[in-house]
Amino acid sequence: MIVNWSDIVNFIRGSIDLIAVWFILYYLISMFKTNVKTMQLFKGVLFILIVKLLTSLLGLTTLNYLVESIINWGVLAIIIIFQPEIRTLLEKMGQTKMTLKKEISDDEKERLMDELVSAITTLSKEQTGALITFERTQSLLDYINTGTRINADIKSELFLTIFWEGTPLHDGATIIQGDRVVCAAAFYPPTNKELSPKYGARHRAAIGISEITDSLTVVVSEETGTISFAMNGELKKIPTKELRASLVNELNWFKSDDEGGQKHES
Ligand SMILES: Nc1ncnc2c1ncn2[C@@H]1O[C@H](COP(=O)(O)OP(=O)(O)OP(=O)(O)O)[C@@H](O)[C@H]1O
């Protein structure tokens with residue numbers, strides 16, 4: 001059998017091409033799958049590409065011309081409209097997941113969890129409004145920069161002090177990166193979603209940040225003391241007795257690399 005080397009080279013080149021496109025698409029989608037605005041864009045672009053394919057196949061020249069014009073101008077429009085997301089994407093390239101430091105023992109993690117649960121439960125009982133955000137895989141640097149930088153241990157008293165109405169830092173959100181409280185009084189872009197009138201600016205801000213990043217935000221309502229989690233653009237009420245388990249579940253602090261995705265419930 002005669003081996004045609006150029007066919008083999010072409011096959012390998014085609015395969016690399018296809019795999020590279022697949023990886024880029026997979027990376028983009030997984031990076032932005034929690035961002036409602038960007039997912040809508042993905043769907044829109046996909047729709048236009050399907051229409052373009054159909055108009056070319058069916059020879060619909062006028063429609064094809066129209067779709068081509070939309071694509072040409074659309075690229076420019078997308079760059080302008082999604083400038084913040086594109087910047088975030090470029091910043092995130094090659095960024096590794098931000099989790100708790102490896103050297104923190106399980107006992108220490110339990111202690112940090114106790115501090116968080118105690119703070120949130122007290123804030124809820126005393127009906128002190130609060131917004132506490134945990135950075136997960138996507139950077140919150142842009143939002144940390146809107147607040148006042150601090151670099152403090154996770155301590156129940158710290159949260160009670162920050163959210164006490166008499167302090168200048170109580171307005172806005174506090175952000176946690178790993179085991180550090182990194183800022184207070186951060187400002188988030190509020191959601192444009194239709195919400196029940198019982199939710200005001202604080203809940204809008206919590207949902208807003210969860211639409212554009214994969215963060216977890218704990219909201220304590222000043223009016224009712226209710227604790228809610230804002231994740232993936234949704235708000236979920238958390239009964240106080242389920243707070244610890246829900247936090248453990250969402251933060252994945254106790255998941256070891258070889259656990260194969262199992263989550264530790266305490
Ligand atoms: N965009 C924002 N980013 C961060 N924090 C915000 C933002 N908007 C409002 N807040 C915080 O929310 C507080 C106002 O909350 P408001 O009473 O309007 O909200 P709410 O959702 O009704 O909550 P609550 O049930 O606690 O009253 C502000 O004092 C501020 O601390």
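Helix α8 (residues 201-212) supplies 4 residues to the shell around the ligand, the most of any element. Helices (H or I, at least four residues) and strands (E, at least two) are DSSP runs, numbered from the N terminus. This is a predicted model, where local features need pLDDT of at least 70, side-chain atom pairs count only at pLDDT 80 or more, and totals for chains, interfaces and linings use all residues. Residues are numbered from 1 along each chain as its sequence is written.

**Ligand shell**
- Around the ligand sit 17 residues, and G200, R202, A205, S221 and E222 come nearest.
- A residue is near a molecule if its C-beta atom, placed from the backbone, lies within 6 Å of it.

**Annotated spans**
- The unreviewed UniProt entry annotates residues 12-29 and 41-64 as "transmembrane region"; such annotations may be inferred rather than shown by experiment.
- Residues 12-29 are 100% helix and 0% strand, with end C-alpha atoms 26 Å apart.
- Residues 41-64 are 92% helix and 0% strand, with end C-alpha atoms 21 Å apart.

**Loop residues**
- T137 lies in the loop between β1 (130-134) and α6 (141-144).
- The C-alpha atoms of T137 and S215 are separated by 7.6 Å, though the two are 78 residues apart along the chain.
- Most residues other than glycine have a negative phi.
- Q127, not a glycine, has a positive phi of about 50 degrees; Q127 is in the loop between α5 (106-125) and β1.
- N232, also not a glycine, has a positive phi of about 50 degrees; N232 is in the loop between β6 (227-231) and β7 (234-237).
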